[in-house]
Amino acid sequence: RSSGGRLRVTLRAAQGPTRVAGREATTLSYNGGLPGPTLYLQPGDRLQVRLVNDLGDPTNLHVHGLHVSPLDNGDNVFIAVQPGESFDYDYQLPADHPPGVYWYHPHHHGMVADQVFGGLYGAIVVGDPERVAVTRERVLVISDLSLDGSGQVAAPPAMARMAGREGELVLVNGQSRPVLTARPGERERWRIVNACSSRYVRLRLDGQQLQLLGVDSGRYPEPRDVDEIVLATGNRADLLVTATAGSSVLESLPYDRGGMGGMMGGGSTSSGGGAIALATLDVAGAAVAALPPLEAQPAPRDLRGLTVAGRRELIFAMGMGGGGMQFTIDGKAFDPARVDQAVQVGTVEEWKLTNASSMDHPVHLHVWPMQVIAEGGQPLDEVRWRDVVNVPPGGQVTVRIAFDRYPGRTVYHCHVLDHEDDGMMGVLTAT
Ligand code: C2O
Ligand code: CU
């Protein structure tokens, strides 16, 4: 489909029988599948989604990472679609929308972790204006969940909720350890989404040649050789895999997100433990002819050197309050009636994201991507765009944001979805 096109789709959120890791289960899903359907768009396209809520609870839809208007029925997390109702979302992508892999999930405050963990997520691909020569593209949506003995999604204990729940099963496109096949010399493009509610993945695929095209909407000018990729919850990778004969395991290595720091008697995050096998890539058969070399990508936009209209510091913390553990930004829990940051459309701001707690917080801003300028006070020497930026315990990350184009009201929050549901979210207005 070419630019200026339109994609209309119905997403029906419901609870029902699904197959998870080869067994019968009852999960939530969009249109009955895990993950929901992948939505393919081009820059300049219009996306019209009818969200049908067949759940027993309110829900809504967020198009994570898309640079679309937060006004009206756009990227509006303040809308609640009640059980039995439907809602029509209408998104217009600008003609210069960054290509890459994005995703969609519910965003009804207080239920986000339950609904995403329960099975509501899907990928969005925004195609490239230029061609990237590959043999094949795959979308790999990584999610996690726990099932109880009767195949129902298991509710996490309170401590796990505070740390951010992690499921016992880590799935790729709803499957446990799928086997992918390729021939030697084939170049594949893997669009990887970390759709886990809290889990970070630290991916390896030993024995294969990996080149990272970009992360989130951020594209490197040249594909970058990597052997490991860390994706916080919400992050995506656009990865080239050049197949080498043999069998390789896509695994997620342990990642320590920190813990409650002794508060409430412990409650560490669970991505400790060993490596988790996610999928196998079997490369066999006759080698294919070499593909043409990759073209350089256009140089990314760089906000360093521009005039900064505003500087802010946001402090992410946790502590006792409101009858339990609260997760806060600048000492406050989310209140949809309050405006926490008011910005001017057309300006560039610099935000210091400070983590005053003992756990990682992956910080996500809707609508506008963030350029990471410095980590721990150390300026970066590369141009790095992200829509989820990890801030480690006691750490500080400086980002710049160009509030281009769109007036409206939206949110920023921790993408550990249990933290967001527990209050770690703020309201931003752009005028
Ligand atoms: Cu992926 Cu506000 O979320
Ligand atoms: Cu958090």
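This is a predicted model: local features need pLDDT of at least 70, side-chain atom pairs count only at pLDDT 80 or more; totals for chains, interfaces and linings use all residues.
1. Is Cys414 buried or exposed? Cys414 counts as buried because its relative accessibility is 0%, and His419 counts as buried because it too is at 0%. For the cut-offs, buried means under 20% relative accessible area, exposed over 50%, and partly exposed in between (1.4 Å probe, protein chains only).

2. **Conventions.** Residues are numbered from 1 along each chain as its sequence is written, while chains are lettered from A and ligands numbered from 1 in the order in which they are written. Local features need pLDDT of at least 70, side-chain atom pairs count only at pLDDT 80 or more, and totals for chains, interfaces and linings use all residues; side-chain values use heavy atoms, with hydrogens and water left out.

3. Cys196 is in no disulfide, and the nearest cysteine sulfur, that of Cys414, is 14 Å away. Cys196 counts as buried, because its relative accessibility is 0%.

4. **The sheet with S23.** An open sheet is formed by 6 strands in the order S21-S20-S23-S28-S25-S26, with mixed pairing. Its edge strands are S21 (324-329) and S26 (378-386), each of which pairs on one side only. From one strand to the next, the twist averages 20 degrees. Two strands pair if DSSP finds at least two bridges between them; strands (E, at least two residues) are DSSP runs, numbered from the N terminus. Axes are lines fitted to C-alpha atoms, and angles run from 0 to 180 degrees between N-to-C directions.

5. **Pairings within that sheet.** Strand S20 (residues 310-321) meets S21 in the antiparallel sense over 6 bridges, and Met318 stands opposite Phe327 in S21. S20 also pairs with S23, here in the parallel sense over 7 bridges, with Phe316 opposite Asn355 in S23. S23 and S28 run antiparallel and are joined by 7 bridges; Glu349 faces Ile401 in S28. S23 is mostly covered, with 7 of its 8 residues buried.

6. **The sheet with S9.** Another open sheet has 6 strands in the order S10-S9-S12-S17-S14-S15, and its pairing is mixed. Strands S10 (169-172) and S15 (218-225) are the edge strands, each pairing on one side only. The twist averages 20 degrees from one strand to the next. S9 (residues 136-145) and S10 are antiparallel partners over 4 bridges, with Ser143 opposite Leu171 in S10.

7. **Aromatic pairs.** How many aromatic pairs does the structure hold? There are 7. Rings of Phe, Tyr and Trp (its six-membered ring) pair if their centres lie within 6.5 Å; planes under 30 degrees apart count as stacked, over 60 as edge-to-face and the rest as tilted. Tyr30 and Tyr104 have ring centres 5.3 Å apart and planes at 55 degrees, so this pair is tilted. Because Tyr30 lies in strand S2 (residues 23-30) and Tyr104 in strand S7 (residues 100-105), the pair ties together parts that are 74 residues apart in sequence. Both Tyr30 and Tyr104 are buried.

8. Trp351 and Phe403 make a tilted aromatic pair, 6.1 Å centre to centre with 40 degrees between the planes. This pair links distant parts of the chain, 52 residues apart: Trp351 is in strand S23 (residues 348-355), and Phe403 is in the loop between strand S28 (396-402) and strand S29 (408-414). Trp351 and Phe403 are both buried. One aromatic cluster is made up of Trp351, Trp368, Phe403 and Tyr412.

9. **Charges over rings.** Two arginines are worth a look here. The charged end of Arg224 sits over the ring of Tyr220, 3.7 Å from its centre, and Arg409 lies over the face of Phe78, at 3.7 Å from the ring centre. The criterion is NZ of Lys or CZ of Arg within 6 Å of the ring centre and within 35 degrees of the ring normal.

Technical notes. A disulfide is a pair of cysteine sulfur atoms within 2.5 Å.
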